[in-house]
Amino acid sequence: MSSKDLQASEIMSREVYTVYPDTPVADVVKLMIEKRISGVPVISRQGSVIGIISEGDLLLKDKDLRYPTFISLLGGMIYLESPKRFEEEFRKSIALKAEEIMTSEVITVDEAARVSQMAGLMTEQQINRLPVLRAGKLVGIVTRADILRALVTDFE
């Protein structure tokens, strides 16, 4: 069997550190530092994944914000940068709770997802981790490192 045929359930970390939407951002940072992890799923009290926080989200909190540049044309404004992106960065820069800084559009996989599918998703979506679900509930997480560990067996 090729490592590309392995399933998420075979390579995922089953011990997943999570936070709730009302978890203070400072506690999220402490958890990530103490556990040496680069991201953490945000779950509802029922165990559903409702968001994810990465180091990138936390770095936005300390980023110097610049209002998007624009040009004025015939009384209207044409933005040269995305105002929506500015709004997102501003929201994250003032966040106090996990729900205010998390990315809510979470890409997840089922525990039967194949390594090749997960590697493709991570590459296409430019993400570093995939929460693994069973019947809509979080059961594990697959990181890029997990994918690489699985693929290395093909080279040995």
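Q: What kind of model is it, and how many helices and strands does the chain have?
A: It is a predicted model. The chain has 7 helices and 7 strands.

Q: What pattern do they follow along the sequence?
A: The order is α-α-β-β-α-β-β-α-α-β-α-β-β-α.

Q: How much of the chain counts as buried?
A: Of its 156 residues, 37% do. The chain exposes about 9700 Å², and carbon and sulfur atoms supply 53% of that.

Q: Switching to helix 7. Which of its residues are buried?
A: Helix 7 spans residues 144-152, and its buried residues are Asp146, Ile147 and Ala150.

Q: Where do they sit around the axis?
A: They cover an arc of only 100 degrees, which means they are on the same side of helix 7.

Q: Why would residues three or four places apart point the same way?
A: Because an α-helix has 3.6 residues a turn.

Q: What's on the face turned away?
A: Leu148 and Arg149, both exposed.

Q: What does the buried side pack against?
A: Helix 1 (8-11), helix 6 (115-125) and strand 7 (137-143).

Q: Zoom in on isoleucine 147. What is it in contact with?
A: Beyond its neighbours within four places in sequence, isoleucine 147 contacts Ile11, Val115, Met118, Ala119, Met122 and Val142.

Q: Which residues of the largest nonpolar core touch the most other members?
A: That core has 15 residues, and the ones touching the most other members are Ile11, Val109, Met118, Val132, Val142 and Ile147.

Q: Which elements supply at least two residues each?
A: Helix 1, helix 6, strand 6 (129-134), strand 7 and helix 7. Helix 6 gives the largest share, 3 residues. Another core lies apart from this one, with 12 residues, including Val19, Val25, Met32 and Ala98.

Q: New topic: rings. How many aromatic pairs?
A: The count is 0, taking ring centres within 6.5 Å as the rule.

Q: What sits over the ring of tyrosine 20?
A: The charged end of arginine 45, 3.7 Å from the ring centre.

Q: Last one, glutamine 46. Where does it lie, and is it buried or exposed?
A: Glutamine 46 is in the loop between strand 1 (39-43) and strand 2 (49-54). It is exposed, because its relative accessible area is 59% and the cut-off is over 50%. Glutamine 46 and lysine 137 are 91 residues apart in sequence, yet 8.4 Å apart in space, C-alpha to C-alpha.

How values were computed
Residues are numbered from 1 along each chain as its sequence is written. This is a predicted model: local features need pLDDT of at least 70, side-chain atom pairs count only at pLDDT 80 or more; totals for chains, interfaces and linings use all residues. Side-chain values use heavy atoms; hydrogens and water are left out. Rings of Phe, Tyr and Trp (its six-membered ring) pair if their centres lie within 6.5 Å; planes under 30 degrees apart count as stacked, over 60 as edge-to-face and the rest as tilted. A charge sits over a ring if NZ of Lys or CZ of Arg is within 6 Å of the ring centre and within 35 degrees of the ring normal. Helices (H or I, at least four residues) and strands (E, at least two) are DSSP runs, numbered from the N terminus. Buried means under 20% relative accessible area, exposed over 50%, partly exposed in between (1.4 Å probe, protein chains only). The arc is that of the directions from the helix axis to the C-beta atoms. Contact means heavy atoms within 4.5 Å. A nonpolar core is a set of buried Ala, Val, Leu, Ile, Met, Phe, Trp, Tyr and Cys residues joined through side-chain atoms within 4.5 Å. Accessible areas come from the Shrake-Rupley method with a 1.4 Å probe; for residues, only the protein chains shown count as cover.
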